[in-house]
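Dear colleague,

Please have it open beside you while you read.

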Amino acid sequence: MEAKKKKGFSFDGIVVLFILLLLVTAMTYVVPAGQYARIEVDGRTIVDPNSFAFVAQSPVGFFDFFKSISLGLQGASSLIFMIFLIGGAIRIFDGSGAIAGAIMALRNRWGEEKSPLILSAIVIFFGCLGAFPGMLEASIPFAPLCMHICYTLGYDALMGISISLVPIVFGWSAGVTNPWTTGIAQNLAQLPLFSGFEYRLICLVVFMALNIAFVVWYAKRLKKDPKNSLVADLDTGHMHASVKAPEFGTRQLLVLLTLAATIVIIVYGSLKMKWGMTEMSGAYLIGSIIGGIIAGYDANKIASELLEGGKAMFVAAMAIGMARAVSVIMDQGSITDTIVRSLAGLLAGQSSYFNAVGMFVIQTIINFFIPSGSGQAVVTMPIMLPVADLIGLNRQIAILSFQFGDGISNLIYPTVGGLIAFLNYTKISFGTWMKFIVKFILVVMAVASILLLIAVAINFS
């Protein structure tokens, strides 16, 4: 008997991005073009908030529309290459059976009922990666690994995203020592680097508690009845065909320790040595070769695993390039600054409590058009910080509003390459993902608003 097809929105993530590119292109014909002047401050190009002027309309044409995808890929080339290389490295660690073996050993020792503890530990791990070194896109190569873990424990692909991408986005939003958002914004605001650490750490704890509560709730729901999964009929062969119960001996332990050491070195390098994507990729390659040797692989096996892992990341690379193309089109049509200026003008004459949440809402809207955290910081902060000064809102709170707005909505916007990459890898439609996550994100946004109101009440500075 043929299964009924589900009704509703079920476009592939890449198709959603293509439609979005068409809509943004149409906006270049109707939104007035305008620009702020850019100035150099301490070697960084920022916006002069008093320099806005309307300019001649420059709508994006048919051929330029298609060129934007190539330009987006070129603009994200460093990130894309990192994803290919890290994807290959993770494939070696995962393929050795060390991670699945460790999870099965823990499950056998703790019992099936303790699997939520394993999931919670993974949530905290990814949350810290987002909060401290700001490794948002670095979660993408972990997609196969996290799906593997969840299927090994008897869960689904939605759980795989909930324990990896979701916490790393929440950690990014808290931005405890995130150099790409908190660091850049505080530099522009002339505040001590990573000042206000304590309150942002409290925000991280709150976000992680919400994430863990959501994961544990969903885990119980799936264990009660697997049919509660929105993706019960999903084709999962590519995600867990290799899942089995491998042995976990000394060799597997050493491979696992090599992966842990690699991640620790990368986090240290990001925080203390200002490592970028190139250095992180190199560290992963070194770690994976060492891990492969420990696993007993010969040179050919290591090379083939690296290539296979890289192939699995191709769709992720395309998603990131197309998401970046949105910004390319908006910049070519000179509508980015117009949108930012119009939104910033909505806050004049309101109370500090209203404006703290209002800035959060505005940055959330802007994040749809400028999903890059660092890009959004250099475009919006020079405008929003003077606005904060005029309305009596201290700059630390304005930056916290920016962090929340830039971060949390990354889980619901099709312009975010990381999200689309996860959805394409798992073959989950954007509509199904929204049905699964949107209520939870609204709860998190409400909690984030409360955290902002508390920040105003205590004059967080």
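Lysine 311 is exposed, with a relative accessible area of 56% (exposed means over 50%, buried under 20% and partly exposed in between, with a 1.4 Å probe and protein chains only). Please note that this is a predicted model, in which local features need pLDDT of at least 70 and side-chain atom pairs count only at pLDDT 80 or more, whereas totals for chains, interfaces and linings use all residues. Residues are numbered from 1 along each chain as its sequence is written, and side-chain values use heavy atoms, with hydrogens and water left out.

Lysine 311 meets glutamate 308 in a salt bridge at 3.3 Å, N to O (a side-chain nitrogen of Lys or Arg within 4 Å of a carboxyl oxygen of Asp or Glu). These two residues are three apart in helix H14, and so are separated by about one helical turn (helices are DSSP runs of H or I with at least four residues, numbered from the N terminus). Glutamate 308 is partly exposed at 33% relative accessibility.

Also in helix H14, lysine 301 and glutamate 305 are four residues apart, and they form a salt bridge whose closest N and O atoms are 3.6 Å apart.
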